Amino acid sequence: MRALAQFVMRGPLQAGGVAAVTTAIPLLFWIGAAVVGLVILRLGIGQGLNIGLWALLPAVGWSWFGQDPTALAVLLQTMLMAYILRTTLSWERALLGGSFLAIVTGLMLPVLYPGLLDDLVQAGVEFYEQYNAEVAHTLGDDLEKVIRGTMNASMAGTYLATAVGMTMLARAWQAGLYNPGGFRKEFHALRLSPVVAVLCAVTMLIGPLLGLNSMLLAWAAGTPLFLASIALVHGVVGRKQLSGNWLAMFYIALLLLGPSLMILLVVMAFVDSWLDIRGRIKPAGPAE
């Protein structure tokens, strides 16, 4: 991947070509988004828009003719987060920008792609009626409404998660080429401010009270907290100079425990925004 980043940064022709080709090829759209993100982070929004246009054309094609907004949504969110990160040097603000755009995306999907959602909802209803009749019977007439809200939130949330990953990949490429070790240091220090942590928590809880799509708000507001919790784990491991096996075990536990551990991590990130857990841990190594 480093070789790809080096090739992209040779010039606009190389960057635009890679962005266009990878966005046009199914399942490779994420590379195009990361390439555009790298250009924005390194050269600014002007050059980023020029290269982004190359990727935008096939993304719009997939969105309009293929009725698949994935490439377009991920590209736009990555561009927004990369721009905010370059101008503010704040992952917190970049993540908030991505979360806001994810909510907008979730609101627009039923308007722009009703057929796509209808197909997904119909498949979900048939699945529950065939394989989980008890749940289908319990929900009754609300089954379709619940599945529609879930599908809508899952699509918007997946786009956000992918865009966050591509922004991080672009930042890692930039650091690898021009500032070795910079991304690791930056990520280990990622911590939400108390105000933003409270804002995210309130947003996650207020959905059901206002009759909004609570899952969509949970995806959007929970993503900054979850990423901050991952940074907390990496930061503690790095500060104590622990073996990489600890991180491997952590991710295995995350896969096995799933939502239970994710909820705990989100709570830890909220607490860390107030207590600064990493700052209270004594670094490993000999004292100076």
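## Ground rules

Helices here are DSSP runs of H or I with at least four residues, numbered from the N terminus, just as strands are runs of E with at least two.

The model is a predicted one, in which local features need pLDDT of at least 70 and side-chain atom pairs count only at pLDDT 80 or more, while totals for chains, interfaces and linings use all residues. Residues are numbered from 1 along each chain as its sequence is written, and side-chain values use heavy atoms, leaving out hydrogens and water.

Is asparagine 152 buried or exposed? Its relative accessibility is 8%, so asparagine 152 counts as buried (buried is under 20% relative accessible area, exposed over 50%, partly exposed in between, with a 1.4 Å probe and protein chains only). Not counting residues up to four places away in sequence, asparagine 152 touches Gly106, Leu109, Pro110, Leu117 and Asn213 (contact means heavy atoms within 4.5 Å).

Helix H9 (residues 143-178) also has a partner in H12: their axes come within 8 Å and cross at roughly 25°. Axes are lines fitted to C-alpha atoms, for helices over the stretch in contact, and angles run from 0 to 180 degrees between N-to-C directions. H9 and H12 are therefore roughly parallel to each other (angles under 35 degrees count as roughly parallel, over 145 as roughly antiparallel, 65 to 115 as roughly perpendicular and the rest as oblique). Their crossing is right-handed; that is the clockwise case, whereas a crossing is left-handed if the near helix is turned anticlockwise from the far one by less than a right angle. Among the H9 residues that meet H12 are Ala153, Gly157 and Val164, and the H12 side includes Trp219 and Leu227.

## Valine 236 in H12

Further along, valine 236 is found in helix H12. Valine 236 is partly exposed, at a relative accessible area of 23%. Leaving aside neighbours within four places in sequence, valine 236 is in contact with Arg278 and Ile281. Histidine 188 is 48 residues from valine 236 in sequence, with 8.0 Å between their C-alpha atoms.

## H14 and its two faces

The buried residues of H14 are Leu261, Leu265, Val266, Ala269, Asp272 and Ser273. They cover an arc of only 145° around the axis, which puts them on the same side of H14 (the arc is that of the directions from the helix axis to the C-beta atoms). The face turned away from that buried side carries the exposed residues Ser260, Ile263 and Trp274.

Cover for the buried residues of H14 includes helices H11 (194-210), H12 (214-239), H13 (244-257) and H15 (277-280). H11 and H14 pack at about 155°, with their axes 8 Å apart. That makes H11 roughly antiparallel to H14. The contact is made by Pro194, Ala197, Val198 and Ala201 of H11 and Phe270, Ser273 and Trp274 of H14. Just after H14, aspartate 276 takes a positive phi of about 55°.

## H3, largely enclosed

Twelve of the 15 residues of H3 are buried, so H3 is largely enclosed by the rest of the structure. The buried residues include Phe29, Gly32, Val36 and Leu41, and what covers them includes H1 (2-8), H2 (12-24), H4 (45-64), H5 (70-88) and H9. Glycine 44 follows H3 with a positive phi near 105°.
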